[in-house]
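Colleague: I am new to this model. Could you take me through its disulfides, and look closely at the helix packing beside one of them?

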Amino acid sequence: MALPRCLLALSLFGLGMAFTPEKYPCVVCDGLVERIMQGKSFQEACSELKSCEFLFQYKNLTTMDLFPDQYKGNATEIPLPKRDIFVREICSRLGLCSQSRDSFSKSGITSSPDVRVTPVFGAKGYDFVRVSLIDSSNSPTKPETRPEDLFTYSENFKYRWTNMRLNSGLIKVTPGQTTTINIQGTDFNILLPGEGDGVRGVIIADPCISDKWVGCQFGSTLKTFDRITGFINAASELSPDKGGIDFWMILGDNFYDRTGELTTQFFGALSAKAKSKLFAASAGNHDYWVGGSPIIGDKNKDQFGNGFMQYYGMDTYASRNDSVNFLDFSQDPSKGWVILKENLPVPDNFQSYFKIGNLGFISYSGAYSKDKVFPFLQEACSWLGNQTDISSAYILGHWNDDGLGCPSGMEVPSIHASVENIEGCKGLGDKLGYFMGHTHCNVVKEKGLGFMVAGMGMEGCGNFGVPIVDSTSGTTKVYYYPIQDVNVEGSDKYSDVVGCFESKGVGSCQDLAMVWA
(Lines give C-alpha, C1' and ligand atoms only; values in the text may rest on other atoms or scores of the structure.)
Protein backbone atom coordinates (compact mmCIF):
# COMPACT_ATOMS: atom_id res chain seq x y z
CA MET A 1 0.00 0.00 0.00
CA ALA A 2 1.36 3.41 -0.99
CA LEU A 3 2.21 5.89 1.74
CA PRO A 4 0.03 9.03 1.94
CA ARG A 5 1.83 11.99 0.36
CA CYS A 6 2.39 13.79 3.68
CA LEU A 7 4.00 10.69 5.24
CA LEU A 8 6.05 10.14 2.12
CA ALA A 9 7.30 13.71 2.49
CA LEU A 10 8.35 13.16 6.08
CA SER A 11 10.09 9.90 5.27
CA LEU A 12 11.92 11.00 2.13
CA PHE A 13 12.60 14.69 2.40
CA GLY A 14 13.68 15.32 5.98
CA LEU A 15 10.98 17.91 6.45
CA GLY A 16 10.25 18.08 10.08
CA MET A 17 12.07 15.61 12.27
CA ALA A 18 13.80 18.45 14.14
CA PHE A 19 11.09 21.11 13.78
CA THR A 20 10.02 22.64 17.08
CA PRO A 21 7.18 25.12 16.52
CA GLU A 22 7.57 26.63 19.99
CA LYS A 23 10.79 28.22 18.73
CA TYR A 24 8.76 30.16 16.14
CA PRO A 25 5.57 31.30 17.90
CA CYS A 26 5.28 34.46 15.82
CA VAL A 27 5.18 32.58 12.51
CA VAL A 28 2.71 30.01 13.85
CA CYS A 29 0.46 32.73 15.29
CA ASP A 30 0.65 34.69 12.02
CA GLY A 31 -0.45 31.67 10.02
CA LEU A 32 -3.25 30.79 12.43
CA VAL A 33 -4.72 34.29 12.63
CA GLU A 34 -4.47 34.81 8.88
CA ARG A 35 -6.41 31.62 8.17
CA ILE A 36 -9.14 32.47 10.66
CA MET A 37 -9.42 35.93 9.10
CA GLN A 38 -9.96 34.21 5.75
CA GLY A 39 -13.02 32.48 7.18
CA LYS A 40 -11.59 29.17 8.31
CA SER A 41 -12.55 27.71 11.67
CA PHE A 42 -9.93 27.36 14.39
CA GLN A 43 -9.95 23.60 13.85
CA GLU A 44 -9.45 23.97 10.08
CA ALA A 45 -6.62 26.46 10.56
CA CYS A 46 -4.84 24.25 13.06
CA SER A 47 -5.26 21.24 10.81
CA GLU A 48 -3.56 23.11 7.96
CA LEU A 49 -0.69 24.32 10.12
CA LYS A 50 -0.18 21.03 11.97
CA SER A 51 1.70 22.96 14.65
CA CYS A 52 -0.51 25.58 16.27
CA GLU A 53 -1.96 23.70 19.21
CA PHE A 54 1.09 24.47 21.32
CA LEU A 55 0.14 28.16 21.25
CA PHE A 56 -2.97 27.46 23.27
CA GLN A 57 -1.22 25.06 25.59
CA TYR A 58 1.59 27.56 26.10
CA LYS A 59 -0.59 30.65 26.58
CA ASN A 60 -3.82 28.99 27.75
CA LEU A 61 -5.69 30.89 25.08
CA THR A 62 -9.08 30.43 23.53
CA THR A 63 -9.97 31.25 19.95
CA MET A 64 -11.80 34.38 21.06
CA ASP A 65 -8.67 35.72 22.76
CA LEU A 66 -7.08 36.25 19.38
CA PHE A 67 -9.13 39.19 18.17
CA PRO A 68 -9.94 42.71 19.37
CA ASP A 69 -13.43 43.10 20.84
CA GLN A 70 -14.92 44.69 17.73
CA TYR A 71 -13.94 41.69 15.61
CA LYS A 72 -14.67 38.78 17.92
CA GLY A 73 -16.74 36.34 15.93
CA ASN A 74 -16.38 38.51 12.80
CA ALA A 75 -12.73 38.21 11.89
CA THR A 76 -13.45 38.03 8.16
CA GLU A 77 -14.75 41.60 8.30
CA ILE A 78 -11.27 43.02 8.89
CA PRO A 79 -10.42 45.01 5.74
CA LEU A 80 -7.98 43.11 3.53
CA PRO A 81 -5.40 45.95 3.22
CA LYS A 82 -5.12 46.04 7.01
CA ARG A 83 -4.79 42.32 7.60
CA ASP A 84 -1.01 42.15 7.87
CA ILE A 85 -1.08 44.98 10.40
CA PHE A 86 -3.82 43.32 12.40
CA VAL A 87 -2.01 39.98 12.39
CA ARG A 88 1.13 41.60 13.75
CA GLU A 89 -0.79 43.57 16.39
CA ILE A 90 -2.78 40.55 17.56
CA CYS A 91 0.24 38.26 17.84
CA SER A 92 2.31 41.00 19.50
CA ARG A 93 -0.46 41.67 22.03
CA LEU A 94 -0.41 37.98 22.93
CA GLY A 95 3.35 38.07 23.43
CA LEU A 96 3.95 35.73 20.50
CA CYS A 97 5.58 38.29 18.19
CA SER A 98 8.04 41.03 18.98
CA GLN A 99 6.38 44.30 19.99
CA SER A 100 8.87 46.10 17.77
CA ARG A 101 8.96 45.28 14.07
CA ASP A 102 12.69 46.01 14.05
CA SER A 103 15.20 45.42 16.82
CA PHE A 104 17.99 47.59 15.48
CA SER A 105 18.88 51.21 14.96
CA LYS A 106 18.79 52.81 11.54
CA SER A 107 21.54 55.30 12.33
CA GLY A 108 23.92 53.70 9.85
CA ILE A 109 21.62 53.73 6.82
CA THR A 110 23.41 55.04 3.72
CA SER A 111 22.01 56.44 0.51
CA SER A 112 24.09 54.52 -2.05
CA PRO A 113 22.14 52.49 -4.62
CA ASP A 114 21.42 48.86 -3.73
CA VAL A 115 24.03 47.22 -5.97
CA ARG A 116 25.31 43.66 -6.05
CA VAL A 117 28.44 42.42 -7.86
CA THR A 118 28.57 38.62 -8.19
CA PRO A 119 31.04 36.20 -9.81
CA VAL A 120 30.25 34.94 -13.28
CA PHE A 121 29.17 31.29 -13.63
CA GLY A 122 32.43 29.40 -14.11
CA ALA A 123 31.61 27.84 -17.50
CA LYS A 124 31.42 31.35 -19.03
CA GLY A 125 35.07 32.11 -18.37
CA TYR A 126 36.63 34.43 -15.81
CA ASP A 127 36.70 37.99 -17.14
CA PHE A 128 33.06 38.90 -16.44
CA VAL A 129 31.03 39.84 -13.38
CA ARG A 130 27.29 40.23 -12.95
CA VAL A 131 26.15 43.65 -11.73
CA SER A 132 22.63 44.09 -10.37
CA LEU A 133 20.66 47.04 -9.04
CA ILE A 134 17.65 46.50 -6.79
CA ASP A 135 15.22 49.38 -7.08
CA SER A 136 11.58 50.12 -6.43
CA SER A 137 9.02 48.54 -8.75
CA ASN A 138 7.86 52.10 -9.44
CA SER A 139 11.31 53.17 -10.63
CA PRO A 140 12.09 54.07 -14.26
CA THR A 141 12.58 51.01 -16.41
CA LYS A 142 16.03 52.25 -17.46
CA PRO A 143 18.13 53.42 -14.49
CA GLU A 144 20.77 56.07 -15.07
CA THR A 145 24.09 54.24 -15.55
CA ARG A 146 27.49 54.64 -17.09
CA PRO A 147 28.00 52.75 -19.34
CA GLU A 148 24.44 53.25 -20.57
CA ASP A 149 23.87 49.64 -21.68
CA LEU A 150 24.89 48.16 -18.31
CA PHE A 151 21.63 46.30 -17.66
CA THR A 152 20.24 43.81 -20.16
CA TYR A 153 17.52 42.56 -17.78
CA SER A 154 15.08 44.95 -16.11
CA GLU A 155 11.90 43.51 -14.60
CA ASN A 156 9.80 43.83 -11.48
CA PHE A 157 10.33 40.94 -9.06
CA LYS A 158 8.15 37.96 -9.87
CA TYR A 159 6.00 36.13 -7.32
CA ARG A 160 7.53 37.61 -4.15
CA TRP A 161 8.96 40.94 -2.95
CA THR A 162 7.10 42.47 -5.89
CA ASN A 163 7.60 45.99 -4.61
CA MET A 164 11.17 45.67 -5.95
CA ARG A 165 12.68 45.77 -9.42
CA LEU A 166 15.73 43.82 -10.58
CA ASN A 167 18.10 45.36 -13.12
CA SER A 168 21.00 43.12 -14.06
CA GLY A 169 23.67 42.44 -16.65
CA LEU A 170 27.08 40.92 -17.25
CA ILE A 171 29.99 43.30 -17.79
CA LYS A 172 33.41 42.44 -19.15
CA VAL A 173 36.31 43.39 -16.89
CA THR A 174 40.07 43.05 -16.94
CA PRO A 175 41.16 40.83 -14.04
CA GLY A 176 43.57 42.59 -11.72
CA GLN A 177 42.45 46.06 -12.85
CA THR A 178 39.72 48.28 -11.41
CA THR A 179 36.62 48.84 -13.53
CA THR A 180 34.58 51.89 -12.53
CA ILE A 181 30.88 52.05 -13.31
CA ASN A 182 28.36 54.69 -12.26
CA ILE A 183 24.84 53.81 -11.14
CA GLN A 184 22.37 56.54 -10.24
CA GLY A 185 25.18 59.03 -9.63
CA THR A 186 27.39 56.78 -7.46
CA ASP A 187 30.70 55.30 -8.60
CA PHE A 188 31.35 51.62 -7.93
CA ASN A 189 34.97 50.50 -8.31
CA ILE A 190 34.93 46.82 -9.17
CA LEU A 191 38.11 44.79 -8.86
CA LEU A 192 38.05 41.19 -10.04
CA PRO A 193 41.33 39.69 -8.74
CA GLY A 194 43.78 38.40 -11.28
CA GLU A 195 43.13 34.79 -12.16
CA GLY A 196 45.24 32.70 -9.81
CA ASP A 197 46.06 35.62 -7.49
CA GLY A 198 45.73 35.30 -3.72
CA VAL A 199 42.55 36.76 -2.19
CA ARG A 200 40.80 37.48 1.11
CA GLY A 201 37.11 37.19 1.93
CA VAL A 202 34.57 37.19 4.75
CA ILE A 203 32.19 34.21 4.95
CA ILE A 204 29.25 34.26 7.39
CA ALA A 205 25.88 32.54 7.76
CA ASP A 206 22.60 32.95 9.65
CA PRO A 207 22.81 36.69 10.39
CA CYS A 208 19.85 37.72 12.54
CA ILE A 209 19.19 41.41 13.06
CA SER A 210 15.54 41.51 14.13
CA ASP A 211 12.83 39.69 16.07
CA LYS A 212 10.27 40.49 13.40
CA TRP A 213 9.64 36.90 12.28
CA VAL A 214 11.93 34.68 14.31
CA GLY A 215 13.34 35.30 17.77
CA CYS A 216 16.86 36.72 17.50
CA GLN A 217 18.03 35.75 20.97
CA PHE A 218 21.39 37.52 21.06
CA GLY A 219 20.75 40.20 18.44
CA SER A 220 20.35 43.08 20.86
CA THR A 221 23.13 41.96 23.19
CA LEU A 222 25.60 41.54 20.35
CA LYS A 223 24.29 44.58 18.40
CA THR A 224 24.32 42.42 15.30
CA PHE A 225 22.80 44.90 12.84
CA ASP A 226 25.31 47.64 13.56
CA ARG A 227 28.23 45.29 14.04
CA ILE A 228 27.80 42.97 11.06
CA THR A 229 27.34 45.91 8.71
CA GLY A 230 30.19 47.58 10.60
CA PHE A 231 32.73 44.82 10.09
CA ILE A 232 31.74 44.33 6.44
CA ASN A 233 32.22 48.05 5.80
CA ALA A 234 35.49 48.13 7.74
CA ALA A 235 36.92 45.08 5.93
CA SER A 236 35.97 46.72 2.60
CA GLU A 237 37.44 50.13 3.41
CA LEU A 238 40.94 49.50 2.06
CA SER A 239 41.77 48.06 -1.34
CA PRO A 240 43.01 44.44 -1.45
CA ASP A 241 46.61 45.51 -2.13
CA LYS A 242 46.48 47.40 1.19
CA GLY A 243 44.97 44.50 3.13
CA GLY A 244 41.24 44.86 2.38
CA ILE A 245 38.95 42.02 1.30
CA ASP A 246 38.17 40.94 -2.25
CA PHE A 247 34.79 39.32 -1.52
CA TRP A 248 32.21 38.44 1.12
CA MET A 249 29.47 35.81 1.35
CA ILE A 250 26.36 34.84 3.33
CA LEU A 251 25.50 31.14 3.48
CA GLY A 252 21.79 31.15 4.15
CA ASP A 253 19.07 32.21 6.58
CA ASN A 254 19.80 35.71 5.39
CA PHE A 255 18.19 37.93 8.05
CA TYR A 256 15.23 35.54 8.56
CA ASP A 257 13.23 37.68 6.19
CA ARG A 258 9.85 36.87 4.69
CA THR A 259 9.07 40.18 2.96
CA GLY A 260 12.44 41.70 1.97
CA GLU A 261 12.16 44.57 4.44
CA LEU A 262 14.96 43.39 6.75
CA THR A 263 17.22 42.55 3.82
CA THR A 264 16.96 46.02 2.31
CA GLN A 265 17.56 47.59 5.73
CA PHE A 266 20.79 45.63 6.06
CA PHE A 267 22.13 46.39 2.61
CA GLY A 268 21.08 50.00 3.03
CA ALA A 269 23.68 50.29 5.78
CA LEU A 270 26.55 49.11 3.59
CA SER A 271 29.00 51.49 1.96
CA ALA A 272 29.50 51.78 -1.79
CA LYS A 273 32.91 50.18 -1.24
CA ALA A 274 31.31 47.12 0.40
CA LYS A 275 28.74 46.89 -2.39
CA SER A 276 31.54 47.01 -4.97
CA LYS A 277 33.12 43.85 -3.57
CA LEU A 278 32.32 40.48 -5.10
CA PHE A 279 29.42 38.86 -3.24
CA ALA A 280 27.87 35.39 -3.16
CA ALA A 281 25.00 33.77 -1.27
CA SER A 282 23.68 30.26 -0.62
CA ALA A 283 20.08 29.67 0.45
CA GLY A 284 19.04 28.23 3.82
CA ASN A 285 15.82 26.83 5.23
CA HIS A 286 14.53 30.20 6.49
CA ASP A 287 15.06 31.65 3.00
CA TYR A 288 12.42 29.24 1.73
CA TRP A 289 10.09 29.11 4.75
CA VAL A 290 10.45 31.86 7.34
CA GLY A 291 9.42 29.42 10.07
CA GLY A 292 12.31 27.19 9.03
CA SER A 293 10.41 24.13 7.79
CA PRO A 294 7.99 23.15 4.98
CA ILE A 295 5.67 21.83 7.72
CA ILE A 296 4.80 25.42 8.61
CA GLY A 297 5.23 26.87 5.13
CA ASP A 298 2.60 29.42 4.14
CA LYS A 299 1.79 29.25 0.44
CA ASN A 300 0.51 32.82 0.39
CA LYS A 301 3.23 34.52 2.43
CA ASP A 302 6.54 32.67 2.46
CA GLN A 303 9.05 33.64 -0.21
CA PHE A 304 10.16 30.05 -1.03
CA GLY A 305 13.50 31.42 -2.21
CA ASN A 306 11.93 33.63 -4.89
CA GLY A 307 12.82 36.93 -3.23
CA PHE A 308 16.26 35.55 -2.36
CA MET A 309 17.23 34.47 -5.87
CA GLN A 310 16.24 37.81 -7.40
CA TYR A 311 17.64 40.07 -4.69
CA TYR A 312 21.14 38.58 -4.63
CA GLY A 313 21.59 38.45 -8.41
CA MET A 314 23.84 35.39 -8.49
CA ASP A 315 24.98 34.21 -11.92
CA THR A 316 23.80 30.65 -11.43
CA TYR A 317 23.49 27.37 -13.28
CA ALA A 318 20.11 28.63 -14.53
CA SER A 319 21.96 31.25 -16.61
CA ARG A 320 24.18 28.80 -18.48
CA ASN A 321 22.18 29.06 -21.70
CA ASP A 322 20.82 32.60 -21.34
CA SER A 323 22.77 35.36 -19.61
CA VAL A 324 20.00 37.91 -20.17
CA ASN A 325 17.01 36.01 -18.75
CA PHE A 326 19.30 34.45 -16.19
CA LEU A 327 16.72 33.15 -13.70
CA ASP A 328 14.19 30.35 -14.15
CA PHE A 329 10.67 31.36 -13.08
CA SER A 330 8.95 28.25 -14.42
CA GLN A 331 7.67 27.19 -10.97
CA ASP A 332 4.83 29.31 -9.59
CA PRO A 333 5.02 29.15 -5.76
CA SER A 334 1.22 29.05 -5.56
CA LYS A 335 1.22 25.70 -7.39
CA GLY A 336 2.08 22.37 -5.77
CA TRP A 337 2.21 21.01 -2.25
CA VAL A 338 4.23 23.10 0.17
CA ILE A 339 5.03 20.17 2.45
CA LEU A 340 6.40 18.20 -0.51
CA LYS A 341 8.39 21.25 -1.66
CA GLU A 342 6.70 21.00 -5.05
CA ASN A 343 6.33 24.79 -5.21
CA LEU A 344 10.02 25.68 -4.81
CA PRO A 345 11.90 27.31 -7.70
CA VAL A 346 14.00 24.91 -9.74
CA PRO A 347 17.34 24.17 -8.03
CA ASP A 348 19.34 25.67 -10.91
CA ASN A 349 18.59 29.13 -9.45
CA PHE A 350 20.58 28.29 -6.31
CA GLN A 351 23.57 26.45 -7.79
CA SER A 352 26.79 27.89 -9.12
CA TYR A 353 30.49 27.22 -9.47
CA PHE A 354 32.98 30.02 -9.88
CA LYS A 355 36.49 31.20 -9.13
CA ILE A 356 37.78 34.26 -7.29
CA GLY A 357 41.54 34.63 -7.73
CA ASN A 358 43.10 31.34 -6.68
CA LEU A 359 40.04 30.02 -4.81
CA GLY A 360 37.37 27.81 -6.37
CA PHE A 361 33.81 27.55 -5.06
CA ILE A 362 30.84 25.21 -5.56
CA SER A 363 27.63 26.64 -4.11
CA TYR A 364 24.44 24.61 -3.84
CA SER A 365 21.15 24.36 -1.92
CA GLY A 366 20.39 21.42 0.36
CA ALA A 367 16.64 21.83 -0.05
CA TYR A 368 16.52 19.51 -3.05
CA SER A 369 16.91 15.78 -3.61
CA LYS A 370 20.16 14.19 -4.75
CA ASP A 371 18.87 13.32 -8.20
CA LYS A 372 18.17 17.01 -8.87
CA VAL A 373 21.54 18.27 -7.63
CA PHE A 374 24.13 15.62 -8.49
CA PRO A 375 24.25 16.28 -12.27
CA PHE A 376 25.22 19.86 -11.38
CA LEU A 377 27.84 18.65 -8.88
CA GLN A 378 29.37 16.35 -11.49
CA GLU A 379 29.69 19.25 -13.93
CA ALA A 380 31.06 21.51 -11.17
CA CYS A 381 33.73 18.98 -10.23
CA SER A 382 34.70 18.49 -13.86
CA TRP A 383 35.16 22.27 -14.18
CA LEU A 384 37.05 22.48 -10.89
CA GLY A 385 39.43 19.72 -11.92
CA ASN A 386 40.46 21.81 -14.94
CA GLN A 387 41.41 24.85 -12.83
CA THR A 388 45.17 24.51 -12.50
CA ASP A 389 45.76 27.75 -10.60
CA ILE A 390 43.67 27.23 -7.44
CA SER A 391 45.16 27.12 -3.97
CA SER A 392 41.99 25.72 -2.38
CA ALA A 393 38.35 25.06 -3.20
CA TYR A 394 35.27 25.06 -1.00
CA ILE A 395 31.77 23.63 -0.99
CA LEU A 396 29.38 26.39 0.08
CA GLY A 397 26.00 25.50 1.56
CA HIS A 398 23.73 26.04 4.52
CA TRP A 399 22.60 22.89 6.32
CA ASN A 400 25.08 21.06 8.56
CA ASP A 401 22.43 18.42 9.41
CA ASP A 402 19.51 16.96 7.53
CA GLY A 403 15.92 17.81 8.44
CA LEU A 404 14.10 21.16 8.33
CA GLY A 405 13.73 20.83 4.56
CA CYS A 406 17.07 19.12 3.88
CA PRO A 407 16.92 15.46 2.75
CA SER A 408 19.36 13.01 4.27
CA GLY A 409 22.67 13.14 2.44
CA MET A 410 22.21 16.72 1.21
CA GLU A 411 23.75 18.43 4.24
CA VAL A 412 27.12 20.07 3.55
CA PRO A 413 29.45 17.50 5.20
CA SER A 414 27.76 14.69 3.28
CA ILE A 415 27.99 16.56 -0.02
CA HIS A 416 31.66 17.24 0.65
CA ALA A 417 32.22 13.52 1.26
CA SER A 418 30.25 12.62 -1.87
CA VAL A 419 32.05 14.94 -4.28
CA GLU A 420 35.40 13.61 -3.10
CA ASN A 421 34.49 10.56 -5.22
CA ILE A 422 33.57 12.56 -8.34
CA GLU A 423 36.11 13.06 -11.13
CA GLY A 424 37.66 16.50 -10.90
CA CYS A 425 37.11 16.80 -7.16
CA LYS A 426 38.57 13.37 -6.40
CA GLY A 427 42.19 14.39 -6.62
CA LEU A 428 41.97 17.61 -4.61
CA GLY A 429 42.39 15.96 -1.21
CA ASP A 430 42.76 18.50 1.59
CA LYS A 431 42.61 21.34 -0.95
CA LEU A 432 38.81 20.84 -0.96
CA GLY A 433 37.04 22.07 2.17
CA TYR A 434 33.62 23.42 3.09
CA PHE A 435 31.83 26.30 4.80
CA MET A 436 28.30 26.03 6.21
CA GLY A 437 25.80 27.52 8.65
CA HIS A 438 22.50 26.36 10.17
CA THR A 439 23.60 25.47 13.71
CA HIS A 440 24.35 28.83 15.25
CA CYS A 441 28.01 28.58 16.16
CA ASN A 442 31.38 29.72 14.85
CA VAL A 443 33.55 26.63 15.10
CA VAL A 444 35.86 24.29 13.21
CA LYS A 445 33.86 21.14 12.43
CA GLU A 446 36.56 19.14 10.64
CA LYS A 447 40.21 20.01 11.20
CA GLY A 448 41.66 21.88 8.26
CA LEU A 449 38.56 21.27 6.12
CA GLY A 450 35.15 22.14 7.56
CA PHE A 451 34.01 25.42 9.10
CA MET A 452 30.69 26.48 10.63
CA VAL A 453 30.22 30.26 10.47
CA ALA A 454 26.69 30.77 11.85
CA GLY A 455 27.37 32.56 15.15
CA MET A 456 25.65 35.78 14.12
CA GLY A 457 23.07 36.45 16.84
CA MET A 458 20.69 33.50 16.83
CA GLU A 459 20.23 31.15 19.78
CA GLY A 460 23.00 28.61 20.08
CA CYS A 461 26.63 28.91 21.12
CA GLY A 462 26.44 32.66 21.68
CA ASN A 463 29.80 33.38 20.06
CA PHE A 464 30.10 36.14 17.47
CA GLY A 465 33.00 37.00 15.18
CA VAL A 466 34.41 37.40 11.68
CA PRO A 467 35.56 34.29 9.73
CA ILE A 468 38.01 35.16 6.94
CA VAL A 469 39.65 32.95 4.32
CA ASP A 470 43.01 34.27 3.07
CA SER A 471 45.05 32.74 0.25
CA THR A 472 47.46 35.65 -0.26
CA SER A 473 50.47 33.98 1.35
CA GLY A 474 50.78 31.09 -1.09
CA THR A 475 48.86 28.73 1.19
CA THR A 476 45.24 29.15 2.21
CA LYS A 477 44.55 30.16 5.80
CA VAL A 478 41.25 30.51 7.65
CA TYR A 479 41.18 33.07 10.46
CA TYR A 480 38.51 33.80 13.03
CA TYR A 481 38.35 37.24 14.64
CA PRO A 482 36.33 36.94 17.88
CA ILE A 483 34.12 39.95 18.53
CA GLN A 484 32.10 38.87 21.57
CA ASP A 485 30.89 35.78 23.41
CA VAL A 486 27.74 36.15 25.51
CA ASN A 487 29.06 33.46 27.85
CA VAL A 488 32.29 35.33 28.63
CA GLU A 489 32.16 38.59 30.55
CA GLY A 490 34.43 41.31 29.18
CA SER A 491 34.92 39.56 25.82
CA ASP A 492 33.84 42.50 23.61
CA LYS A 493 36.61 43.11 21.06
CA TYR A 494 34.53 44.84 18.38
CA SER A 495 36.26 48.22 18.53
CA ASP A 496 39.71 46.62 18.38
CA VAL A 497 38.85 44.43 15.40
CA VAL A 498 36.98 47.02 13.36
CA GLY A 499 39.48 49.75 14.15
CA CYS A 500 42.30 47.55 12.88
CA PHE A 501 40.38 46.54 9.74
CA GLU A 502 39.74 50.19 8.86
CA SER A 503 43.22 51.53 9.54
CA LYS A 504 45.53 48.64 8.64
CA GLY A 505 43.45 46.27 6.54
CA VAL A 506 42.39 42.73 7.37
CA GLY A 507 45.75 41.40 6.20
CA SER A 508 47.59 43.24 8.98
CA CYS A 509 45.30 42.33 11.88
CA GLN A 510 46.05 38.65 12.28
CA ASP A 511 47.36 39.16 15.83
CA LEU A 512 43.68 39.64 16.79
CA ALA A 513 42.60 36.38 15.17
CA MET A 514 42.45 32.69 15.98
CA VAL A 515 43.96 30.46 13.30
CA TRP A 516 41.34 27.93 12.25
CA ALA A 517 43.40 26.38 9.46
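Modeller: Buried means under 20% relative accessible area, against over 50% for exposed and partly exposed in between (1.4 Å probe, protein chains only). Cys500 and Cys509 form a disulfide, with their sulfur atoms 2.0 Å apart. The term stands for a pair of cysteine sulfur atoms within 2.5 Å. The torsion about the S-S bond of Cys500 and Cys509 is about -105 degrees, so this disulfide is left-handed.

A word on the basis. This is a predicted model, in which local features need pLDDT of at least 70 and side-chain atom pairs count only at pLDDT 80 or more, while totals for chains, interfaces and linings use all residues. Residues are numbered from 1 along each chain as its sequence is written, and side-chain values use heavy atoms, leaving out hydrogens and water.

The whole structure holds six disulfides. One of them joins Cys26 and Cys97, whose sulfur atoms lie 2.0 Å apart. The link of Cys26 and Cys97 is right-handed, with 95 degrees about the S-S bond. Cys26 sits in helix α2 (residues 25-37) and Cys97 in the loop between α5 (83-93) and β1 (114-119), so the pair ties together parts that are 71 residues apart in sequence. Helices here are DSSP runs (H or I, at least four residues), as are strands (E, at least two), numbered from the N terminus. Cys26 is buried, at 4% relative accessible area. Cys97 is buried too, at 7%.

Now the pair beside the helix packing. Cys381 and Cys425 form a disulfide, again with sulfur atoms 2.0 Å apart. Its torsion is -95 degrees, and the link of Cys381 and Cys425 is left-handed. Cys381 lies in helix α12 and Cys425 in the loop between α13 and β14 (432-436), so the pair ties together parts that are 44 residues apart in sequence. Cys381 is buried at 0% relative accessibility. Cys425 is buried at 1%.

Cys381 also takes part in a helix contact. Phe374, Leu377 and Cys381 in α12 meet Ile415, Ser418 and Val419 in α13, where contact means heavy atoms within 4.5 Å. The contact residues divide into five nonpolar, one polar and no charged.

Last, the geometry. Helix α12 (residues 370-385) and helix α13 (residues 412-419) pack at an angle of about 55 degrees, with axes 11 Å apart. That makes α12 oblique to α13. Oblique covers what is left after roughly parallel (under 35 degrees), roughly perpendicular (65 to 115) and roughly antiparallel (over 145).

Notes. Axes are lines fitted to C-alpha atoms, for helices over the stretch in contact, and angles run from 0 to 180 degrees between N-to-C directions. Ala, Val, Leu, Ile, Met, Phe, Trp, Tyr, Cys and Pro count as nonpolar, Asp, Glu, Lys and Arg as charged, and the others, Gly among them, as polar.
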